[in-house]
Amino acid sequence: MSLAPKSYMIIILSAIAAITMAVQNAFHSQVILIPLLASLIDVAANYAKLRKIILPSSAVVSGLLLAIVLEPIPVGMQAVSALIAVLSKHIIKWKGGHIFNPAAFSMVAMSLLGVHTAWWGASLPIIAIGLFIPYYQHRLQMTAAFLATYFAMVSVTSFFALDYAAVFFAFFMLLEPKTSPYRKKACIMFGAFAAIIAFLLNPVQGIDKFVLALVIMNAFTDYLNRKF
Amino acid sequence: MRFAVFVLAAVIITGCVSYGGTGTPVPLNDGKEFRMTIFHTGYSPSVLDVNKGDMVRILAVTGPGTAAHNHGITIDEYGINATVTTEDTNNPVKIEFIADHTGNFTIRCASCSQGIFGPAHPELTATLVVK
């Protein structure tokens, strides 16, 4: 059976959330509610524009990423995070497509509201099953460029250590197809510069270095596609 | 479109009002007590203002979902180095000391490098101000 890439993302992210919650013996309602709310908002937004129902698979992926990366938050804030992610996709556009990774944009906005990232789902199982995503999306070079640059820079300042947040970010967030480059060279530049920006942002307090680096690089996607 | 922008703005403003905020210190007879939360990207509150001679009590927890990060509180000049892995606000890690020298002192997370993110954990800093 052949599934769309987003379907694989949904299955893998759901599995990661379920495994991590089982291991930590904790249940976070946002794993259910944020994807659900994001889907409802996305269906409503598309219906308002196009007068037809569109399956909200990308909204589910954005919702799962938000649920796994953000700290456990109250239901009201879950709704806010879902709303910001989906509306950013429908409002902030350039040449007909959205500019920012909706989940990353929402995480940056949520940090301004006092909601922090926790990367609670970024644990060991992702390393085994997450590699499938960049391989399947033909974006291994972007993931490799990011991880190689990032860990090289970290290792210069301290001894090498595996940063699960960096791995989760590289496998699941960096390579969102609509907001990242599609040309091979541009992918490598995108991944490497995202790593450099994330490394430089390390001392910045109150905002997540990875998601902010991604939002910054998203703004250059069109430029990279044209130049490389 | 205008409606969507309006909704987004309203939601952000509402969220700003309804969530977050940092605790103000509780005055003690001989000093101040701070309830501190250590998040993945920073300390809250990020500045602790006390007077010289105050007894400072910090009741610290780690942010929701971050127990595995191995957060902590280190103030080198005061010889304080505590690891904070509890998320339970009813059972926080208690740190007490007398603020016996004035100046601005960096609060940092030395233990973060032993958590699941290792040395790549974001640098966490806050400031202890002793007047």
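Helices (H or I, at least four residues) and strands (E, at least two) are DSSP runs, numbered from the N terminus. One such helix is α12 of chain A, residues 221-227, and Asn225(A) is found in it. This is a predicted model, in which local features need pLDDT of at least 70, side-chain atom pairs count only at pLDDT 80 or more, and totals for chains, interfaces and linings use all residues. Residues are numbered from 1 along each chain as its sequence is written, chains are lettered from A and ligands numbered from 1 in the order in which they are written, and side-chain values use heavy atoms, with hydrogens and water left out.

**Buried residues**

A residue is called buried under 20% relative accessible area, exposed over 50%, and partly exposed in between (1.4 Å probe, protein chains only).

| Residue | Relative accessible area |
|---|---|
| Cys187(A) | 1% |
| Gly118(B) | 5% |
| Asn225(A) | 11% |

The side chain of Asn225(A) has a polar atom 3.1 Å from the backbone nitrogen of Tyr182(A). A polar contact is a pair of N or O atoms within 3.5 Å; within protein, one must be able to donate a hydrogen and the other to accept it, and residues adjacent in sequence count only if both atoms are side-chain atoms.

In chain B, Gly118(B) lies in the loop that runs between β9 (103-108) and β10 (125-130). From Gly118(B) to Leu48(B) the separation is 70 residues in sequence and 27 Å in space, C-alpha to C-alpha.

**A hairpin in chain B**

Two strands pair if DSSP finds at least two bridges between them. Strand β6 (residues 72-75) of chain B is joined to β7(B) by four bridges, and the two run antiparallel. Opposite Gly72(B) stands Thr83(B) of β7(B). The two strands form a hairpin with four residues between them, and Gly79(B) in the turn has a positive phi of about 65°.

Side chains alternate along β7(B), residues 80-83.

**The disulfide**

A disulfide is a pair of cysteine sulfur atoms within 2.5 Å. By this rule there is one disulfide over all chains. Cys109(B) and Cys112(B) form a disulfide, with 2.0 Å between their sulfur atoms. The link is right-handed, with 100° about the S-S bond. Both Cys109(B) and Cys112(B) are buried.

**Cavities**

On a 1 Å grid over the protein atoms alone, a cavity is a set of points where a 1.4 Å probe fits but cannot get out, and lining residues have an atom within 4 Å of a point. Grid points are joined across faces, edges and corners, and a volume is the space filled by probe spheres set on the points.

How many cavities of 30 Å³ or more does the structure hold? The structure holds two.

Methods
On a 1 Å grid over the protein atoms alone, a cavity is a set of points where a 1.4 Å probe fits but cannot get out, and a pocket is an open set with protein on both sides within 12 Å along at least five of seven lines; lining residues have an atom within 4 Å of a point.
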